[in-house]
Amino acid sequence: MSTPTAKDPVLSTSGPGRIEKVPTGILGLDEITFGGLPRGRTTLVCGGPGCGKTLLALEFLVRGATQYGEPGVFVAFEETAGELATNAASLGFDLAALEADGKLVVDFVRIERSEIEEAGEYDLEGLFIRLGFAIDSIGAKRVAIDTLEILFAGLPNPGILRAELRRLFRWLKEKGLTVIVTAERGDHGLTRHGLEEYISDCVIALDNRVSDQISTRLLRVLKYRGSAHDSDEVPFLIDDVGLSVLPVSSLGLDHQVATSRVSTGVPDLDAMLGGGGFFRGSTVLVSGGAGSGKSSLAASFAQRACRDGKRCLFFIFEESSNQVLRNMRSIGIDLAPLMEQDLLRFHASRPSAAGLEMHLARTHRLVSEFEPEIVILDPITNLVTVGTTNSVRSMLTRMIDFFKSRQITALMTSLAGAALPSLETSNAQISSLVDTWLLLRELEADGERNRGLYVLKSRGMAHSNQVREFRLTDQGIELIDVYLGTDGILVGAAREARMIRDEARAREREYEAQQRQRRMVQRRAAIRAQIDALNAELEADEEDLRRVIEQERLGESGSARDKARMLNARRVDLSLADGNRGRTVQP
Amino acid sequence: MTQDPEPIEKADDPAVTEIQRLELRLYVAGQTSRSLTAIDNLRKVCEENLKGRYTIEVIDLLLNPQLARGDQIVAIPTLVKKLPPPLRRIIGDLSNSERVLIGLDIRPDDSTGADHGS
């Protein structure tokens with residue numbers, strides 16, 4: 001064997017001292033216990049009445065039998081066969097079928113104090129034998145005992161019972177069984193009869209806390225010897241598929257990020273977001289006043305996603321799904337066929353129907369079940385009515401982290417109403433959590449209300465800084481460039497009027513310009529004519545001048561020729577007269 | 001019980017009517033000293049108080065563990081009185097005979113007369 005390096009070999013994460021764990025199969029519980037319950041040990045589950053101890057124990061066995069090939073024995077001290085079967089059926093478990101398959105034995109131990117008389121020393125060998133027989137009959141690996149403390153009420157002589165319980169836990173351990181023992185919460189301790197004294201490997205406390213008339217179930221791993229565990233209180237949910245435990249702590253910020261985009265369903269909006277739409281796995285907040293078109297935008301997004309073959313889970317907190325279908329049809333968004341294809345699922349519930357944690361738990365479960373790529377929460381505002389600001393923020397943080405970890409693109413709508421001082425600050429609590437924030441603004445002027453949309457922020461993409469007019473038409477949503485003029489942005493009828501006025505003015509200006517141009521042409525023609533006349537004048541002058549010069553030149557050369565001719569003539573005369581060659585006569 | 005119990009010990013007098021007869025079943029686990037003490041104590045109490053009006057059936061759960069469930073046995077030893085009603089369980093080695101008689105709804109001084117089970 002290797003020499004132990006760690007001080008406590010049990011705490012080391014590797015090597016022979018490491019605790020082997022048994023997955024419970026309960027959603028989330030294996031996460032917070034980092035793998036499940038300690039194998040071959042007994043886990044105490046304690047809590048007040050009606051907080052889900054029995055169901056937790058039962059689900060542990062059922063999951064073991066159905067998912068992990070580990071048959072189990074359920075020892076029921078409290079409930080009758082009928083009660084237990086009904087409870088199990090409410091979680092979707094068919095105990096009778098499991099029993100018939102030899103995967104489960106349910107042994108009902110009934111102890112009626114009034115029937116029992118003590119006359120001397122006794123032990124619990126009968127219970128051991130029953131349990132042993134049940135375990136051996138199916139080769140059980142898991143045992144749940146619910147609620148062992150009934151023994152204290154049913155049998156006299158607690159001294160004997162304590163000794164016997166100690167022996168029972170030792171015996172279960174020797175048999176290598178993974179056991180859940182449930183116990184009622186006591187006034188002074190975890191359990192009424194101090195069972196935690198005997199069970200020290202793992203203790204889980206359940207609670208059912210009511211605040212503002214809404215109950216929240218909470219689970220906490222108080223102790224887990226030899227293992228790290230999440231020691232926070234974690235909400236959990238019991239519904240028709242069993243327990244769902246939800247880690248309170250957010251999942252951290254190390255999720256994958258995608259660069260691929262998901263179309264918003266509104267081409268113009270895609271363009272505003274730098275083309276393509278939202279990033280996959282990002283969180284989008286659409287906020288705006290009442291009737292500003294938040295739901296329509298959400299529906300449009302859902303429709304587009306579903307048409308692209310993506311599954312979409314649509315949580316609605318204000319309307320019924322039929323109402324949404326009808327309303328969206330009026331703007332040309334028909335969601336019904338997408339529901340038929342099971343690409344789109346609605347989940348409608350009142351925010352006040354459950355506590356925040358329950359909503360979170362339900363979201364978790366539905367998402368795990370349907371595995372959508374798109375989740376829409378419409379609207380999250382009303383959740384605020386359920387919890388305090390802090391708890392809402394905490395819940396949304398966890399929800400967003402959960403979506404991100406699954407690469408789900410989430411779109412949440414939020415009502416920013418008169419109660420809130422400013423649209424931009426309305427959701428300051430969650431603004432830092434979202435990646436893209438679209439703001440739908442009421443633009444009210446001239447007795448008219450119009451919608452404007454702009455991208456308040458969008459992480460990681462170049463996005464438009466323009467306000468667009470957001471219009472709901474029969475063919476869905478369209479975005480129009482708003483009129484930007486000297487009077488600020490104009491929308492709706494004002495925009496139309498302004499545009500008409502501007503068109504008229506433009507036409508006027510154009511006419512004026514044309515006239516001016518025409519005048520210019522005329523003027524140019526006139527000037528040109530003048531230039532021509534002057535040119536002609538100039539030319540005439542030049543012609544005169546040329547003629548004078550010519551005459552002048554002609555006159556000069558004529559006289560010279562004449563002189564030469566005269567000279568020639570004279571020379572002829574001289575030679576003729578002298579008859580003497582070579583002699584020159586000087587005039 | 002449809003199954004044949006292990007050892008059956010009948011009372012001496014079979015002429016006593018069935019209605020008056022106490023049907024007792026003693027569950028033990030192996031031949032431990034406590035088991036043997038319980039059996040001895042039960043015989044003694046019955047002989048002294050119910051002469052001829054009882055049957056005792058001793059069931060060893062080590063041999064028949066499946067029987068524990070039917071009679072809701074948790075503690076050992078357990079004496080179960082099924083008839084006459086009401087059903088009663090007396091747990092322990094039955095060393096306290098007074099408690100045994102209380103458990104069986106029998107008055108200690110009632111050695112001859114009718115059954116007072118209510």
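**Close-up views of the predicted two-chain model**

**View 1. Overall composition of chain A.** Chain A holds 15 helices and 25 strands (DSSP runs numbered from the N terminus, with helices being H or I of at least four residues and strands E of at least two). The model is predicted, so local features need pLDDT of at least 70 and side-chain atom pairs count only at pLDDT 80 or more, whereas totals for chains, interfaces and linings use all residues. Residues are numbered from 1 along each chain as its sequence is written, and chains are lettered from A and ligands numbered from 1 in the order in which they are written. Of the 587 residues in chain A, 40% are buried (20 or more other C-beta atoms, placed from the backbone, within 10 Å of the residue's own).

**View 2. The contact between chains A and B.** Chain B contributes 29 residues and chain A 22 residues (contact: C-beta atoms, placed from the backbone, within 7 Å). On the side of chain B that touches chain A, two or more residues come from each of helix H2 (67–70), strand S5 (88–91) and helix H3 (97–103) of chain B.

View 3. Strand S6 (residues 116–118) of chain A pairs with S5(B) in the parallel sense over three bridges (pairing requires at least two DSSP bridges). Within this pairing, Ile116(A) stands opposite Arg89(B).

**View 4. Helix H12 of chain A.** This helix, residues 356–370, reaches 21 Å from its first C-alpha to its last, close to the 21 Å expected (1.5 Å times one less than its number of residues). Its buried residues include Leu356(A), Met358(A), His359(A) and Arg365(A). Just after H12(A), Glu371(A) adopts a positive phi of about 50°.

Methods: Two residues are in contact if their C-beta atoms, placed from the backbone, lie within 7 Å. A residue is buried if 20 or more other C-beta atoms lie within 10 Å of its own, exposed if 12 or fewer, and partly exposed in between; C-beta atoms are placed from the backbone.
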